[in-house]
Amino acid sequence: MNPVDLYMLAGIVITLIALYAALTRAHLFWKVLAINLMGTGVFLILLAAPSRRTPEIADPLPQAMVLTGIVVAVAATALALGIALRVIARSGLPFLPDGDEEDQGSGGSAGEASR
Amino acid sequence: MVSPIWAWDGLPLAVVLSSFVPGVLIMFLREEQTLLRNTLNMTGALAKVAFVGLMLQGVAAGASYEWAFEILPGLELSLAGDALALLFVTLSAVLWLVTTVYAIGYMEASRSRTRFFAFFSLCVTATTGIAMAGDLFTFVIFYEALTWATYPLVVHNGTPEAIRAGRTYLAYTLGAGAILVVGAVGFEVTAGTVAFAAGGVVDPMAVEAEPIRYFLLFLCLLIGMGVKSAIFPIHGWLPTAMVAPAPVSALLHAVAVVKAGAFGIIRLIHSLFGIEVSWEMGLTTLVAVLASFTIVYASVRALAQTDIKRILAFSTVSQLSYIALGVALLDPLAQVGGLVHLVHQGIMKITLFFCAGIIAQTLGVKTVGAMGGVARRMPLTMAAFTVGALGMIGLPPVAGFISKWYLGLGALGAGAPWVILVLLASSLLNAAYFLPILRTAYFDEPSESWSDPWPHHRLEADWRMVFPAVITAALSLAVGVFAASDWSPLGWALLIVERGAL
Amino acid sequence: MTEFELWSTVVIFGPLLASVVALSARPALLRAGLVLGSLSTLVGSAGLWRAVALYGPGRHPLGGWGQPLGIELWIDGFGVAMLAVTALVGALTSLYANSYFGDLSELSVRDSPAGRGARFFAPLWLLLWTALNGIYLSADLFNLYVTLEILGLSAAAIVTLAVSRQATVAGMRYLLVSLIGSLLYLLGVALLYVQYGTLSLEGLAAIGPSGPIPAIALAAMTVGMAAKTALFPFHAWLPPAHAGAPAPGSAILSALVVKGSFFILVRLWFSVYGGGSPEGLILLGVLGSGAILWGSILALRQVSLKRLIAYSTVAQLGYLFVMFPLLIPEPRLWNADAWTGGLLLAISHALAKAAMFLAAGNMSYAVAEDRLTSISGVAHRLPMSFFAFGVGGLSLAGLPPSAGFVGKWLLLRSAFETAHWTWIAVIAVGGLLTIAYVLKVLRYALDRDEAPEDFRPVPRRMEWAAALLALAAMALGVRALELVELLLVGGPFPW
C-alpha cells in the first residue's frame, strides 16, 4: 500500500467515524466537533485524489477546494456554536430534547440523522 | 359583408365569463353592499341569457362556435357551442336567471350572502363550462371546479349537520373526481385524443385489440360522471346534501351539479366512445341496467321519506337516470327522450324545489304530515307544485309526459320492451309519493304551528320567491303543450339527433 | 457581454449586494436592500428566460475564467424556471416581510428579541437568495457545495430568529442535519474527483459515471441531499423548523429552500448520471410515496396551523420524488411529461406553499396565536388571507384551475405512458389526503363563532402578498405553456 492510498483510506475511515459520532453523540459540542472532523476526513480524500490519479502532475484544484472548505467549516462551526449556546441558555442543557415536544405524531421515530 | 353578431366565435367564452366576472367581483364586496351585489348578479344572469339567445340563433342557422386557449402544449381549454351543448347551456342560463331572483328573496335575512352569491355564480360558471367543453380535458377542469365551488354552498348553514353533509358530499364527489381524472388521462394516452366528436373518437379496431383496457377506462369515467348524476350505488350524497339552502338544492341539486353528471354520461357514450362502439362492448347495457335499477330503487326509497326535500332528492335520483337510460338505448327516439328529459326534469324539479323552499321558509313546514291546509294559505305556490308533481308522474300535457312517451317509443324501437315496465313502475311509484303530498295540502285541515300563519303581504309569500316558481311551472306546462314547436326542448332535441350532432 | 453573462451576473450579485446593504440594519436601508434584491432577481431572471428561450442553454465563465480553474455558470431551462419562481416568491415574501417586521425594526435590538428578527431577517434572507440563485446556475460540483452551505447556514439562522425555545432547538437540529448532509455531499464530490479528476457537471455527464466508486458517491450525495430535502424518512427535522421560523421565514424555507437540494438531486441523477440505476429511481419513488402518505396523515393530526402546513410540505415533496422513476422508462430515453409534470408540481408547490404560510402568518398575526382552534372565525375578518389559503390548498390538492392540476395531469399521463400503474394510485390518493387536511383548516377558519375580540389588524400588504402568490398558482393552471416550453430547453439531459 502506497502512502497515497493510505491517505485515502484514512480519510474515509475518519469521515465514517466522525459521521457515526455526529449521529450518536448527544452533547451538542461533541456533535459540532464530530462534524468538523468529518469535514477534515473529506478534505484528506480530496488532497489525496490528484496524486492517486496522476502522480506526476501537480493539481491546484484540490488545494483551492480544501481552502474554501476550511473557510466554510469555520463559518459553519461559528454559527453552530452560537446556536448551541442559545440552546443551552434557553433550556439549560447542552442536548437536543428527545423527539419534538410539540409534535403530535412523529414521536421521534424517524429522522435519526438529526441526533 | 358585415357578419351578424351571433357569428362571433368568442360567444362561448362570453357565456362563461358572464357569471364568472360577477362571481369574482362579488367575492370582494362587503356584506352590506346588497344593492351592488344584486345588480351584479342580475346583470350577469341577464347577460348570460342574452348571449345564449344569440348562440341559439346562430346554431339554428347552422353555425357552430369554437374558442380555444392553449394551457399546455397540445392541451387546450376549448369551448364549443354546438346544438348539444346549447341544450344544457340554455337550461342553465334560464334557470340561473329565475333562481337568482328567487335566491335574492330567499337569502334576504341570511348571513354570509357575499360568499353565497360568489360561489353560486362560480357554480353556474362551471356548469356552463361543462356544457360547452369541447374536449375531455376542459370538461374535467370545469367538472372538478364545480365540485369545490359547490362545497361552500352545501355547508352554508354552518350547522354540524351541514358540515357532516358537506363531508359526505366531498368524499363522494372528490373520490369519484380522482377516478375521473385518472380515467381521463388514461383515455388521452390510450385513444390519443381528448376531443369530443359526434359519433365518438374511439377507434373500433383499437377497442378490439385492447377490450379490457377500454372497458376499465369507461368504468373510471362512468364512476366519475355517475357520482354527480347520482347513479346507484354512488347516489348517497344527494339526499344528504339537501341541508343546503333551498336555492342551492333547486338550481344545483336539481339542475347544475346532477345534470353535469348526466351530461357527462351523454358525452361519454356519444362523444367519446360512440354509441355503436359502446353498444358492441356491452357498455350501454351496463348503463341502461344500472339506470333502470336506480329509477325503481330511488322511487321506492322516496316512498319511505317524510321530509319533503328528501322526497324530492330521491325523486331527482330516480328521474336523472331517465336521461342515462335514454341515451344508452340504441334508438334515436330513446335518445331524444333522454336529451329532452335533461331539460324537462330540470324545469319541473326546480319548480318543486322552489315551492318546497317557499313553504319551508314562510311557514316552517318541512314534512309531508305538516302540509295540511297549505293549499289554502298559498294557492299559487301549491298550484305550481301540483304542475311539477303531475309532470313528474308523467301526466299529459306537462313536460314529463313527452319525455316518457319518447323513451317508451325508443325502448320499443331498440328492442328493449322491459324498459316500458320500468317506466310504468316508476310512474306508479311517483304517483304514490307525490299524490299524498297533494292530498294533504289540499284537503287536510291547517296546522297551528305555522311560523307565518296569515299573509300580511299582499301576496302569499315574498314575490321574489313566488314568481320564479310560477314562471317555471308555466314553463313546464308550455314545453309540454307546445312540444311540437321547433323552439321547444323537444324540437331542439330532435334537431340534435337529426343533425347527427350527438 | 452576452445576455447570459449580463443577467446571470445581475441575478447573483444583485441579492448579494443587497444583503450587504441590508446589513447596516437601518430601517431605510433594510427596505432598500429588499427592493434591490427583489428587483435584480426579477429583472435578471426575466432576462435569462428570454435569452434561454431565444438561444437555448448558455454559459457564463465568471471573469472570463472558464473551467476547470475558474467558476462557470450554466444556464438552462430547468435552472431558469427555478430562478424565476424563486424571484416571484422571493419578491412577494420580501414585500410581506417588510410589513411583518415593519413596526419592530424601530426598536433597538436589546429592547425586543423580535427586533433582532427584524434586523437580521433581511440580510440573511438576501444571502439565502443569492445562494439559491447560485445553485440554479452552478455548472460544477464544488460550486454547488459552496452555495449549498451558504443556503443551509442562512436558512438555519433564519429559523433561530424566532425567540421561542422550540424554534432555537429546531434551528439547531436543522443546522446539524444540514451540515451533515452537505458533508455527505462533499464526500461524494471527493470520491468522484478521485475517480475522474473533474468537477464539471458537463464533463462528468460526458464521461457517464459508472462503477462502484461513482455509485458510492451517488449514494452518499443522495442521502445527504435527501436529508436536506426532508425526504421521508429523513423528514422529522422539517416540521418544527419550518413551523418555528417567523412567518416569512417559514414561507421561504418551505417554498424555496428545500427546492435547492431537490434541484441538486435532479441534476445529479439525471444530468450527470443519466438516470442512475432503475432500482435507485424506484427506491426514491417509493420513499416519495411514503412521504405523501405519512406526511398527509401526520398533517391531519396536527393541532397547530403552521405545523399542519409544514407536514404538508413533507407530503408534497414526496410528489417530486414520484417523478424520478417515471422520468426514465428505458435507458437513454426520458419522458417529457414526467419531467414537465414533476417540475410543474415543484413550482406550483413553491407558489402555493408560500401563499399558505403567508396566509397562515396573517391569521396568527391577527389572533396572536397559532392553534387551529384559535383561528376560528378569522375567515370573516381576513377574507383575502382565507382566499389565499384556500386557493393554495386547491393547487396542492391538484384541483383545477391550478398549476397543481396541470402538473398532476402531466405526471399521471407519464405514468400511463410508461405503464407504471402503482404510481397512478399514489398520485390520486395523495390528492384526496391533501384535500382532507386543507379542509380542516378552512373549516376552523370558517367557524360560525364570531371573530375573536382582541383582533390585531393585519397590514393590507401582507394580505396582498399572500393573495398574489395564490393567484399566481392559479394563473399557471390556466396558462402553463411558456413555462413548460422553458422547462424543455435542455430537459433533464442538457449536455
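Is the crossing of α6(C) and α8(C) left-handed or right-handed? The crossing is left-handed, meaning that the near helix is turned anticlockwise from the far one by less than a right angle.

A quick word on the model. It is predicted, so local features need pLDDT of at least 70 and side-chain atom pairs count only at pLDDT 80 or more, while totals for chains, interfaces and linings use all residues. Residues are numbered from 1 along each chain as its sequence is written, and chains are lettered from A in the order in which they are written.

Back to the helix pair. The axes of α6(C) and α8(C) (residues 212-229) come within 8 Å and cross at roughly 160°, with axes being lines fitted to C-alpha atoms over the stretch in contact and angles running from 0 to 180 degrees between N-to-C directions. The two helices are therefore roughly antiparallel (over 145 degrees).

Now for chain A: 39 residues of chain C are in contact with 41 residues of chain A, contact being C-beta atoms, placed from the backbone, within 7 Å. On the chain C side, α6(C) (165-196) gives the largest share, 18 residues.

Here's the make-up by class, where Ala, Val, Leu, Ile, Met, Phe, Trp, Tyr, Cys and Pro are nonpolar, Asp, Glu, Lys and Arg charged, and the others, Gly among them, polar.

| Contact of α6(C) with α8(C) | 18 residues | six residues | one residue |

Elsewhere in chain C, four bridges join β1(C) (58-61) to β2(C), and the strands run antiparallel.

How values were computed: Contact = placed C-beta atoms within 7 Å. Parallel < 35°, antiparallel > 145°, perpendicular 65-115°, else oblique. Pairing = 2+ DSSP bridges.
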